Amino acid sequence: MTKLDIDFCGVKFANPLVLASGVLGVTAGSLARVVDLGAGGVTTKSLWRAPHPGHKNPVMFGTEHYFMNAVGLSDAGLEKGIETLTELKERTDAPLIANIVAGSIEDFGAIAESVDILQPDIIEINISCPNVESELGKPFACSCQDAAAVTKVVRAQTKLPIAVKLSPNVENIVAVGKAVVDAGADALTAINTVGPGMRWNIDLRTPLLANKVGGISGPAIFPITVKAVYDLHAALPDTPIIATGGINSGRDALEVMMAGGTLVGVGTALYYHGDGFWEKTKQEMSDWLDQNNFKNLSDIIGLFHKT
Ligand SMILES: Cc1cc2nc3c(=O)[nH]c(=O)nc-3n(C[C@H](O)[C@H](O)[C@H](O)COP(=O)(O)O)c2cc1C
């Protein structure tokens, strides 16, 4: 059986599958449980400095092909975030990715400084949530200048590896990727949810989300993820990517790694497949590698670019 361990920015992962930010992993207990179920690492939900209420219910619904959410980045704030990260580090040795968010460039520096003290393995910067525009304006990920400015202030506060989470909802994701790498990012996460989109109930004439609009995740966005990862890897071959968005099987995970991903973020698939997803997906990946005579998982990264 081919082993699935992989190095990402000098951090060792037992396998490349990591829990994506905001999905299931809200408490230290739920994040540790995801590791017990077979994830190679976990990402916290976006941590704010101050408590952040998020949007009113309903904030999420699912269909056969996609989910939509407008959670609105709800979070209890830094005090609780510190508690969660501290407890999690005691409960598991698996790599921990702390995802941070802020409404201003300066606040990104402040939250990064506080989170750095807790020494997660990686800091992921969320500048790309598409469902908080009414409150925060256009995401920083929509402008190369803003995205680079956020990266710079976070870089100044930490020596930990930084992954910047990019938005697919831009004209040129590669330009934004290059801007944040030039500003000091070590890695990229591609992608956050797509949209915003909108759905209504035709009988009640009410929107399905109280916020009316929300980000789209799950299998329907997978082709957008593959293209984003492919284009980013072509332009920035030395920058590792956490490929995220619609990965729903072992074959999907292998495909997105061949497009250029090093780690594979998994979120919505857990709503479709439940707790068994991690082991089943690892087995599928390992079987495929065995059958195709690959000795090391890292040999498949970026393979599509070599054909
Ligand atoms: C319910 C829900 C909550 C999310 N919350 C966050 C969040 O707090 N921070 C963040 O960076 N991304 C958040 N995301 C985006 C996911 O991390 C991921 O980028 C996106 O869902 C695409 O992956 P998937 O199709 O595997 O779910 C959230 C997604 C969902 C479905």
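Visitor: Why are α3 and α5 called roughly parallel to each other?

Guide: This is a predicted model. In it, helix α3 (residues 105-117) and helix α5 (residues 144-155) pack at an angle of about 30°. Angles under 35 degrees count as roughly parallel. So α3 and α5 are roughly parallel to each other. Their axes are 8 Å apart.

Visitor: What is the handedness of the crossing, left or right?

Guide: α3 passes α5 in a right-handed crossing. The label applies because the near helix is turned clockwise from the far one by less than a right angle.

Visitor: Which residues of α3 and α5 meet?

Guide: From α3 come Ile105, Glu106, Phe108, Gly109 and Ala112. From α5 come Ala149, Val150, Val153 and Val154. Contact here requires C-beta atoms within 7 Å.

Visitor: How does that contact divide by class?

Guide: The contact of α3 with α5 has seven nonpolar, one polar and one charged residues. Gly counts as polar and Glu as charged.

Visitor: What makes α7 and α8 roughly parallel?

Guide: Again, set the angle against the cut-off. The axes of helix α7 (residues 222-235) and helix α8 (residues 250-259) cross at roughly 25°. The limit is under 35 degrees. α7 and α8 are therefore roughly parallel to each other. Their axes come within 8 Å.

Visitor: Which residues of α7 and α8 meet?

Guide: Phe222, Thr225, Val226, Val229, Tyr230 and His233 in α7 face Asp252, Glu255, Val256 and Ala259 in α8 across the contact. By class, the α7 and α8 contact has six nonpolar, two polar and two charged residues.

Visitor: How do you know that β5 and β6 pair?

Guide: Count the bridges. Pairing needs at least two. β5 and strand β6 (residues 67-69) have three, in the antiparallel sense. So the two strands count as paired. In one of the bridges, Phe61 has Met68 in β6 as its partner.

Visitor: What makes β5 and β11 edge strands?

Guide: The open sheet of four strands has the order β5-β6-β14-β11, with antiparallel pairing. β5 (60-62) and β11 (194-198) each pair on one side only. The twist averages 30° from one strand to the next.

Visitor: How many residues surround the ligand, and which are the closest?

Guide: There are 27 residues around the ligand, and the closest are Ala20, Gly22, Ser217, Gly267 and Thr268. To count, a residue needs its C-beta atom within 6 Å. The shell divides into ten nonpolar, 15 polar and two charged residues.

Notes: Residues numbered from 1 in each chain as written. Predicted model: local features only at pLDDT ≥ 70, side-chain atom pairs only at ≥ 80, totals over all residues. Axes fitted to C-alpha atoms, helices over the stretch in contact; angles between N-to-C directions. Parallel < 35°, antiparallel > 145°, perpendicular 65-115°, else oblique. Contact = placed C-beta atoms within 7 Å.
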